[in-house]
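User: I would like to go through this structure by question and answer, starting from the ground rules and moving on to particular places in the fold.

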Amino acid sequence: MRRFYLFLLVLLLSVGACQSEEAPELSAEEIVMNTAVRMAETAGFRFRIVQDGAFVYVDPDGILAFRSAEGVYTAPDKAAASVKIIAPGLITDVEVISIGETQWQTNVLTQAWEELPPNWGFNPTVLFDDEIGLQAILAQDVTDLQFLGTENLAESDGPDGEFLKVSGKVAGERLLEMSGGLIGKQPAEVTLWVQPETFELMRIALTEPVPDAEESSNWVVDFANYDQVVEIEPPVE
């Protein structure tokens with residue numbers, strides 16, 4: 001009997017030692033910082049962007065409204081996407097290629113490739129720029145973070161799996177620069193869904209109040225295929 005109690009004591013001590021070696025649960029701040037690091041380190045990924053609510057425009061004249069984009073990003077400065085545009089009496093897709101600061105887009109009417117003027121149109125490369133892109137925003141501009149548990153996104157047209165869910169507020173200055181004016185400088189509400197083992201950002205949802213508009217501007221960005229590298233070249237005229 002004495003040996004039994006001795007064995008039980010050793011077993012309990014062993015279990016306690018194992019439990020003490022387990023990593024503590026991460027705070028919301030640590031989850032977001034790890035996510036920013038993972039995004040900065042990746043070689044590339046696929047993305048899908050959907051916007052609804054108040055219209056946002058990709059042209060200075062306020063005619064061509066952005067609605068969605070789906071494409072690939074290859075670090076450090078290349079992206080290609082198909083962008084859905086809405087104009088009066090017209091819904092169409094245009095193709096976009098961004099390499100560094102140079103951007104090409106198919107003409108809405110002729111579908112011919114043309115180089116765009118600087119700071120015009122939707123430039124997906126800037127969204128993931130090290131200095132002003134999403135990873136910089138996650139690392140520096142998100143506050144009031146709260147961990148909301150886990151959630152599966154399969155029921156909302158997202159990836160299947162249990163992801164860490166974090167909410168917070170994000171300052172608008174870098175959002176304005178990153179999006180080329182598609183997102184304003186008002187502080188926005190943000191929610192993140194993060195893969196728990198790799199800290200890969202799977203979805204980010206942002207709600208931005210729009211002055212003098214009845215609706216807010218709502219953005220959802222989904223990510224997939226981290227470290228996928230796709231060769232992106234200038235278009236053939």
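User: Which residues count in the values, and how are the residues numbered?

Analyst: This is a predicted model, in which local features need pLDDT of at least 70 and side-chain atom pairs count only at pLDDT 80 or more, while totals for chains, interfaces and linings use all residues. Side-chain values use heavy atoms, with hydrogens and water left out, and residues are numbered from 1 along each chain as its sequence is written.

User: How many residues of S3 are buried?

Analyst: Helices (H or I, at least four residues) and strands (E, at least two) are DSSP runs numbered from the N terminus, and S3 covers residues 65-74. A residue is called buried under 20% relative accessible area, exposed over 50% and partly exposed in between, with a 1.4 Å probe and protein chains only. By that scale S3 is mostly covered, and the buried count is nine of its 10 residues.

User: Why is S10 described as largely enclosed by the rest of the structure?

Analyst: S10 (188-194) is joined to strand S9 (residues 162-170) by seven antiparallel bridges, with Lys169 and Glu189 as bridge partners. S10 also pairs with S11 in the antiparallel sense over six bridges, where Val194 stands opposite Leu201. The description follows from burial, because the buried residues of S10 number six of the seven.

User: Which residue in the turn between S10 and S11 has a positive phi?

Analyst: S10 and S11 form a hairpin, and six residues lie between the two strands. The phi in question is about 60 degrees, and the residue in the turn that has it is Phe199.

User: What class of aromatic pair do Tyr73 and Phe128 make?

Analyst: Rings of Phe, Tyr and Trp (its six-membered ring) pair if their centres lie within 6.5 Å, and planes under 30 degrees apart count as stacked, over 60 as edge-to-face and the rest as tilted. The whole structure holds nine aromatic pairs. For Tyr73 and Phe128 the ring centres are 5.0 Å apart and the planes lie at 55 degrees, so the pair is tilted.

User: How far apart in sequence are the parts that the pair of Tyr73 and Phe128 ties together?

Analyst: Tyr73 is buried at 5% relative accessibility, and Phe128 is buried with a relative accessible area of 3%. Both belong to one aromatic cluster that also includes Phe45, Phe47, Phe223 and Tyr226. Because Tyr73 lies in S3 and Phe128 in the loop between helix H3 (124-127) and H4, the parts tied together are apart in sequence by 55 residues.

User: How many charged residues are in the lining of the largest cavity?

Analyst: On a 1 Å grid over the protein atoms alone, a cavity is a set of points where a 1.4 Å probe fits but cannot get out, and lining residues have an atom within 4 Å of a point. The lining here has 21 residues, with Leu127, Leu134, Met178, Ile183 and Val221 nearest the centre, and helix H4 (134-140), helix H5 (173-178), strand S11 (201-208) and strand S12 (217-224) each supply at least two of the lining residues. Ala, Val, Leu, Ile, Met, Phe, Trp, Tyr, Cys and Pro count as nonpolar, Asp, Glu, Lys and Arg as charged, and the others, Gly among them, as polar. By class the lining has 20 nonpolar residues and one polar, and the number of charged residues is none.

User: Is Arg174 buried or exposed?

Analyst: Arg174 is placed in helix H5. With contact taken as heavy atoms within 4.5 Å, and residues up to four places away in sequence not counted, Arg174 touches Glu131, Ile132, Gly133, Ala136, Ile137, Gln140 and Asp141. Its relative accessible area is 19%, so Arg174 is buried.

How values were computed
On a 1 Å grid over the protein atoms alone, a cavity is a set of points where a 1.4 Å probe fits but cannot get out, and a pocket is an open set with protein on both sides within 12 Å along at least five of seven lines; lining residues have an atom within 4 Å of a point. Two strands pair if DSSP finds at least two bridges between them.
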